[in-house]
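Q: I'm new to this one. Could you walk me through it, a feature at a time?

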Amino acid sequence: MGFYSERVVPRLVTCACGTKPVIRQRQKVVPLARGTVLEFGIGAGHNLPHYDASHVDKVIGIDPCSKSWELAEARANQAKVKVEFIEGSAENIPLASASVDSVLITFTLCTVPNPQAALAEARRMLKPDGKLFFCEHGIAPDERVAKWQRRINPLWKRVFGGCHITRDTRALLQEAGFGIDAIEQMYLPGTPAVAGFNTWGEAAIA
Ligand SMILES: C[S@@+](CC[C@H](N)C(=O)[O-])C[C@H]1O[C@@H](n2cnc3c(N)ncnc32)[C@H](O)[C@@H]1O
């Protein structure tokens with residue numbers, strides 16, 4: 001890993017993940033998580049203050065970027081929930097099947113190299129009555145925006161550590177065999193449209 005991807009990208013992404021509109025999105029989904037929670041791409045731990053400690057036993061965060069964990073440590077120490085960290089990929093999780101009540105994925109399906117493999121792991125990890133909570137940015141419904149997203153995606157990926165702005169969250173979840181129980185979508189205010197079309201909600205194994 002070079003200086004840019006090791007030092008600059010985690011800080012760049014951390015800044016983008018801490019804006020007010022993004023925090024408001026976290027407040028919509030994170031408090032819904034229950035029991036043992038597996039958080040994909042925990043990053044700098046921006047979700048940790050938003051868990052409802054009265055319903056969460058512990059949060060297991062998986063992320064391949066050890067630098068993220070350094071950035072997350074302060075939030076983990078202040079969190080009202082117990083936090084464990086696994087350095088690894090959501091595409092290949094070293095935990096037993098059907099062992100978590102909730103999977104939380106925020107602004108991470110955009111970045112994992114193989115989102116279908118990660119969602120297959122989410123299915124494997126969830127107990128039969130478990131829930132997947134998600135909030136992602138992705139391809140916009142307006143062709144005018146989507147055209148620009150497709151155009152700048154190759155450059156965007158290079159600048160933002162592998163983040164895609166062209167993925168379709170709803171389609172990915174359905175292709176992975178999730179039934180969608182709740183879904184909402186909107187452009188985040190104060191955010192460039194190419195990066196700001198958000199999809200959030202909850203899903204269960206179909
Ligand atoms: C845009 S950041 C979002 C971080 C956090 N989920 C949030 O909402 O603030 C994307 C995160 O995905 C992580 N990531 C990249 N590839 C991954 C993979 N294969 N498995 C799990 N996480 C991954 C990155 O290291 C980074 O922390």
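This is a predicted model: local features need pLDDT of at least 70, side-chain atom pairs count only at pLDDT 80 or more; totals for chains, interfaces and linings use all residues.

Q: Let's begin with the core. Which residues have the most contacts inside the largest nonpolar core?
A: The general idea goes like this: in soluble globular proteins, nonpolar side chains tend to be buried together. Here the largest nonpolar core has 44 residues, and Val103, Leu132 and Phe134 have the most contacts inside it. Elements giving two or more residues to this core include strands E1 (35-40) and E4 (100-106) and helix H4 (115-125). Strand E5 gives the most, with five residues.

Q: What does Val103 touch, not counting residues up to four places away in sequence?
A: Val103 touches Leu38, Phe40, Ala122, Met125, Leu126 and Leu132.

Q: Is Gly130 buried or exposed?
A: For this you count neighbours, and 20 or more other C-beta atoms within 10 Å make a residue buried. Gly130 has 22, so Gly130 is buried. Gly130 sits in strand E5 and, leaving aside neighbours within four places in sequence, is in contact with Val100, Asp101 and Ser102.

Q: How do strands E2 and E3 pair?
A: E2 (residues 56-63) and E3 (residues 82-87) pair in the parallel sense, over six bridges. Asp63 stands opposite Glu87 in E3.

Q: Last one: which residues come nearest to the ligand?
A: Of the 21 residues around the ligand, Gly41, Gly43, Cys65, Ala90 and Thr106 come nearest. The shell divides into ten nonpolar, nine polar and two charged residues.

Key:
Residues are numbered from 1 along each chain as its sequence is written. A residue is near a molecule or strand if its C-beta atom, placed from the backbone, lies within 6 Å of it. Ala, Val, Leu, Ile, Met, Phe, Trp, Tyr, Cys and Pro count as nonpolar, Asp, Glu, Lys and Arg as charged, and the others, Gly among them, as polar. Two strands pair if DSSP finds at least two bridges between them. Helices (H or I, at least four residues) and strands (E, at least two) are DSSP runs, numbered from the N terminus. A nonpolar core is a set of buried Ala, Val, Leu, Ile, Met, Phe, Trp, Tyr and Cys residues joined through C-beta atoms within 7 Å. A residue is buried if 20 or more other C-beta atoms lie within 10 Å of its own, exposed if 12 or fewer, and partly exposed in between; C-beta atoms are placed from the backbone. Two residues are in contact if their C-beta atoms, placed from the backbone, lie within 7 Å.
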